[in-house]
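Work through the exercises below with the sequence and the 3D view open. Try each task before reading its solution.

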Amino acid sequence: MSQTHRVLSEHVYNSAVALMEQRGVTVDSIAEIVVFLQEKYVPNLTKEKAVESVHSVLNKREVQNALLTGIQMDILAEKGQLLSPLQEMIDSDESLYGVDEVLSLAIVNLYGSIGFTNYGYVDKLKYGILERLNDKRYGVHTFLDDLVGAIAAAASSRIAHRHRAEEEKAVLATGQV
Ligand code: MG
């Protein structure tokens, strides 16, 4: 017996963003990673533009779904409510687990494969809020750290694509093609 539930998009968006913020991640803190990633390539990049880009990534339903799913796993692991051996693997951020990274791939590729490069880079450097999420003293963030890295990577790719489009437009305007 299946019952069809219509879940309102606005409810999904609001819940995902609220949950992310409850876990200590603000839109601003993700935008800081975006600026860090892109300032070398997009010289006039402002924090406001980065914030706008993060918002537009967060507006995608697949991103909201990934956040709701991943954060839920983190919370259950923190409370010790998962079955063994999943409980121990997520609680200790076991390196062979990897499902946290797989979940985030849906976000990474939203704006093309350049996101993949950004994602790998961000994961290595653990910049800004990611450093805190990787510190075990502040709770279990096995999924959230990858989700945040993926959102920053996708928002950066979006900016890179837009920047290229603007450059091309400028070249076309001068007639020097
Ligand atoms: Mg992880």
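## Exercise 1: the whole chain

Task: Describe the surface, extent and secondary structure of this predicted model.

Solution. Start with the surface. The chain exposes about 10,200 Å², and carbon and sulfur atoms supply 55% of that area. Next, take the extent. The C-alpha trace spans about 65 × 40 × 25 Å along its principal axes. Then list the elements. There are 9 helices and 0 strands. From the N terminus on, the order reads α-α-α-α-α-α-α-α-α. Now turn to burial. Of the 177 residues in the chain, 42% are buried. Finish with the contacts. Among those with a separation of 6 or more, 72% join residues 24 or more positions apart.

## Exercise 2: aromatic pairs

Solution. Step 1: count. Ring centres must lie within 6.5 Å.

Step 1: take F36 and Y127. Their centres are 3.9 Å apart, with 5° between the planes. Planes under 30 degrees apart count as stacked, so this pair is stacked. F36 lies in helix α2 (residues 27-38), while Y127 lies in the loop between α7 (114-125) and α8 (129-133). The pair therefore ties together parts that are 91 residues apart in sequence.

Step 2: F36 has a relative accessible area of 23%, so F36 is partly exposed. Y127 is at 35%, and also counts as partly exposed.

Step 3: take Y97 and F143. Here the centres are 6.1 Å apart and the planes 75°. Over 60 degrees counts as edge-to-face, so this pair is edge-to-face. Y97 sits in the loop between α5 (86-91) and α6 (99-108), and F143 in the loop between α8 and α9 (144-174). The two are 46 residues apart, and the pair links distant parts of the chain. Both Y97 and F143 are buried.

## Exercise 3: charges over rings

Task: Which rings have the charged end of K40 or R132 over them?

Solution. Start with K40. Its charged end sits over the ring of F36, 5.9 Å from the ring centre. F36 is also the stacking partner of Y127. Then take R132. Its charged end sits over the ring of Y138, 4.3 Å from the centre.

## Exercise 4: the surroundings of Q87

Task: Is Q87 buried or exposed, and what does its side chain reach?

Solution. First, locate the residue. Q87 is in helix α5. The limit for buried is under 20% relative accessible area. Q87 is at 12%, so Q87 counts as buried. The side chain of Q87 reaches the backbone oxygen of A77 at 2.8 Å. Last, list the neighbours. Leaving aside residues up to four places away in sequence, Q87 touches L76, A77, G80, Q81 and L82.

Key. Residues are numbered from 1 along each chain as its sequence is written. This is a predicted model: local features need pLDDT of at least 70, side-chain atom pairs count only at pLDDT 80 or more; totals for chains, interfaces and linings use all residues. Side-chain values use heavy atoms; hydrogens and water are left out. Rings of Phe, Tyr and Trp (its six-membered ring) pair if their centres lie within 6.5 Å; planes under 30 degrees apart count as stacked, over 60 as edge-to-face and the rest as tilted. Helices (H or I, at least four residues) and strands (E, at least two) are DSSP runs, numbered from the N terminus. Buried means under 20% relative accessible area, exposed over 50%, partly exposed in between (1.4 Å probe, protein chains only). A charge sits over a ring if NZ of Lys or CZ of Arg is within 6 Å of the ring centre and within 35 degrees of the ring normal. A polar contact is a pair of N or O atoms within 3.5 Å; within protein, one must be able to donate a hydrogen and the other to accept it, and residues adjacent in sequence count only if both atoms are side-chain atoms. Contact means heavy atoms within 4.5 Å. Accessible areas come from the Shrake-Rupley method with a 1.4 Å probe; for residues, only the protein chains shown count as cover.
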